[in-house]
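Hello,

Here is the structure I said I would pass on. My notes on it follow below the entry.

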Amino acid sequence: MIHKTVLLNESIEKLNLKDGSIYFDGTLGGAGHSSKVCSDFGDKVRIIATDRDNLAIRNAEEKLSKIGCSANLILSDYRNMDVVLKNLGVEKVDAILLDLGLSSDQLDASGRGFSFKNNEPLLMTFSEDNQKVDAQVILNNWSEETIADILYGYSDERYSRRIAKAVVSARKIKPIMTTFDLVEIIRSAVPAVYQRGKTHFATKTFQALRIAVNDEITALKDGMRKGWELLNVGGRMAIISFHSVEDREVKFFFKNKSKNEEGKLINKKPIIPTDEEVRENPRSRSAKLRVIEKIK
Ligand SMILES: C[S@@+](CC[C@H](N)C(=O)[O-])C[C@H]1O[C@@H](n2cnc3c(N)ncnc32)[C@H](O)[C@@H]1O
């Protein structure tokens, strides 16, 4: 499935870009947001973007140049945005967007085991290069307690302990290597009623492992902290999150900035997709957009 950009108009509108602005897109992905900036402003807004996925960068280069923008697209973790901008000789930016998580292209077609629907090697790494930690490493080596903590902490999986126990028993017999290996282990650990639930019983385990593999919560915290330093006064930061653990971090960071009178919340409550967007793109259903302006 081709990635459908979530909260596209809402997020770009709230970033309040103007001719001459510098826009930093930390999570370029299918370049949906950056393409809109490019279509709306052409080269009057400078686009600088990062992604950890090489394929995303390559595809976006083609897409943006077709629309007619010369953007700086850099293969990098957004948490290194300070280095990225310094290398480009850019001191401050006017807008920062982080659209967290993974794209539908990665979910469906990366071959790296993000989806429990395809039988693939259990890697779950955003980058194609060998990351030190992948899902196989976690499942086959980390302690039962740590695995349970990951499942509970990153996705509130209520059967975290049972699943972690089943993982450790299974790996004594043979290493856990594929998505379907993991699905069967989860199936063996959770009650039948959970298996019949509206949400697939493997959803939370897969989400939590992906977050752990890519160290996503630390990346988000580092990204917000550095982004704030790099934002001009009057500039805005917009973050789209897809689950409560991420949203909690964003809410906490933004609230603190507002309490200290360093920032102004642009929307008191998070902006969520309209019913129409959710109908057209069910993957948008859990999205929350928060926006803040730097005032000091
Ligand atoms: C939801 S997609 C972004 C979609 C994009 N906004 C669009 O409209 O097409 C998230 C992207 O962020 C990338 N990503 C996730 N964490 C990252 C990080 N820490 N640094 C850089 N890219 C990251 C993923 O590889 C993925 O391509």
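Which backbone oxygen lies 3.0 Å from a polar atom of the side chain of T125? The backbone oxygen of S127 does. This is a polar contact (a pair of N or O atoms within 3.5 Å; within protein, one must be able to donate a hydrogen and the other to accept it, and residues adjacent in sequence count only if both atoms are side-chain atoms).

The model is predicted: local features need pLDDT of at least 70, side-chain atom pairs count only at pLDDT 80 or more, and totals for chains, interfaces and linings use all residues. Residues are numbered from 1 along each chain as its sequence is written, and side-chain values use heavy atoms, with hydrogens and water left out.

T125 sits in the loop between α5 and α6 (135-141); helices are DSSP runs of H or I with at least four residues, numbered from the N terminus. T125 counts as buried because its relative accessibility is 4%, where buried means under 20% relative accessible area (1.4 Å probe, protein chains only). H33, in helix α2 (residues 32-41), is also buried, with a relative accessible area of 4%.

Ligand

There are 24 residues around the ligand, and T5, D51, Y78, D99 and Q106 come nearest; a residue counts here if one of its heavy atoms lies within 4 Å of the molecule. By class, this shell has 7 nonpolar, 12 polar and 5 charged residues (Ala, Val, Leu, Ile, Met, Phe, Trp, Tyr, Cys and Pro are nonpolar, Asp, Glu, Lys and Arg charged, the others, Gly among them, polar). A polar side-chain atom of T5 is 2.7 Å from a ligand oxygen atom. A polar side-chain atom of D77 lies 2.9 Å from a nitrogen atom of the ligand, and a polar backbone atom of R52 is 3.2 Å from a ligand nitrogen atom. Taken alone the ligand exposes 600 Å², of which the protein buries 98% (Shrake-Rupley method, 1.4 Å probe).

Second largest pocket

The second largest pocket is lined by 23 residues, with G30, A56, N59, S103 and D105 nearest its centre. A pocket is an open set of points on a 1 Å grid over the protein atoms alone, where a 1.4 Å probe fits, with protein on both sides within 12 Å along at least five of seven lines; lining residues have an atom within 4 Å of a point. Two or more lining residues come from each of α3 (54-67) and α5 (104-109), and α3 gives the most, with 5 residues.

Regards

Notes:
Buried means under 20% relative accessible area, exposed over 50%, partly exposed in between (1.4 Å probe, protein chains only).
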